[in-house]
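Here is a short briefing on one protein model. Keep the sequence and the 3D view open while you read.

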Amino acid sequence: MSQQQSAEQSEERYGEFVAVRRHGYVAELVLDRPKAMNAVSTDMARSIGAACDALGADLSVRVTVLTSSHDRAFCVGADLKERNTFTDAELLRQRPTARAAYTGVLELPMPSIAAVHGFALGGGFELALACDLIIADATAVVGLPEVSVGVIPGGGGTQLLPRRVGAARAAELVFTARRVAAAEAAGLGLIDELVEDDARGAALELGGRIAGNSPVGLRAAKRALRLGHGLDLRAGLEVEDAAWRTVAFSGDRKEGVAAFNEKRSPEWPGE
């Protein structure tokens, strides 16, 4: 078995509810708590954060695809059965762990894609919103229903959703707590690509295409896009220039230019 084939078939577990599978240069981060429709418990949140820390430090990962092992849900959000047992003090102590799961996905340094099948509600939709791109299939139902149970989106939803669809549309969705089916979600810009079925397959295929590009370039481009968003143009151009300087003298830049001139596919050193 080749090293590439071995990497494609490998799986690493992070606790009971999260797995990372490798498909060449694409890492699949799998939410794997099917008995609870991937409701995010404290243990699962801790595992998501740990998996994201490991992926972020792995320079061989060029793209991360966030998927679910459940046949009817991407993730239904926080584990409200667990939350119902918490005292106020326990809920407060759990907050940093929960928050680290969402920021872990948000701060992945490589491009990230969410593959949404079935329900992506509350924290589940926030995990998808934390990714750079969202691909969903016709079964998808998304929404931020937190105000209907007396809380607010706490995994980045109030900040990420308006950046995606604008302040007024985000307000309507958060205030009404309504669920949005796939076709409407695509029309509103809540998802980036709607496929008839197999969101996971479509996301992995897109991830593979992205992963053919320079890993140094991909991370720098994501950094420029994320850090420059919302800044005035002059400040944004400074962010872009700083990111450009991190790739301009890299091995990837040298290899990319050489491969172009030699009319061959680049073999990225990743440095």
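Which residues does Lys222 touch, not counting residues up to four places away in sequence? They are Leu106, Leu108, Pro109, Met110, Pro111, Ser112 and Asp132. The model is predicted.

**Lys222**
- Lys222 sits in helix 10.
- Its relative accessible area is 7%, so Lys222 is buried; the cut-off is under 20%.
- A polar atom of the Lys222 side chain lies 2.7 Å from the backbone oxygen of Leu108.
- Leu108 is also among the residues that Lys222 touches.

**Helix 10 against helix 11**
- Helix 10 spans residues 215–228, and helix 11 spans residues 233–248.
- The two pack at an angle of about 170°, with their axes 9 Å apart.
- Angles over 145 degrees count as roughly antiparallel, so helix 10 and helix 11 are roughly antiparallel to each other.
- The crossing of helix 10 and helix 11 is right-handed.
- On the helix 10 side, the contact involves Val216, Gly217, Ala220, Arg223, Ala224, Leu227 and Gly228.
- These meet Val239, Glu240, Ala243, Thr246 and Val247 in helix 11.
- By class, this contact has seven nonpolar, three polar and two charged residues.

**Glu196**
- Glu196 lies in the loop between strand 11 (193–195) and helix 9 (199–211).
- Glu196 has 65% relative accessibility, so this residue counts as exposed; the cut-off is over 50%.
- Glu196 touches Asp137 and Ala138, not counting residues up to four places away in sequence.
- Glu196 and Ala182 are 14 residues apart in sequence, and their C-alpha atoms are 9.9 Å apart in space.

Conventions. Residues are numbered from 1 along each chain as its sequence is written. This is a predicted model: local features need pLDDT of at least 70, side-chain atom pairs count only at pLDDT 80 or more; totals for chains, interfaces and linings use all residues. Side-chain values use heavy atoms; hydrogens and water are left out. Axes are lines fitted to C-alpha atoms, for helices over the stretch in contact, and angles run from 0 to 180 degrees between N-to-C directions. Helices (H or I, at least four residues) and strands (E, at least two) are DSSP runs, numbered from the N terminus. Angles under 35 degrees count as roughly parallel, over 145 as roughly antiparallel, 65 to 115 as roughly perpendicular and the rest as oblique. A crossing is left-handed if the near helix is turned anticlockwise from the far one by less than a right angle, and right-handed if clockwise. Contact means heavy atoms within 4.5 Å. Ala, Val, Leu, Ile, Met, Phe, Trp, Tyr, Cys and Pro count as nonpolar, Asp, Glu, Lys and Arg as charged, and the others, Gly among them, as polar. Buried means under 20% relative accessible area, exposed over 50%, partly exposed in between (1.4 Å probe, protein chains only). A polar contact is a pair of N or O atoms within 3.5 Å; within protein, one must be able to donate a hydrogen and the other to accept it, and residues adjacent in sequence count only if both atoms are side-chain atoms.
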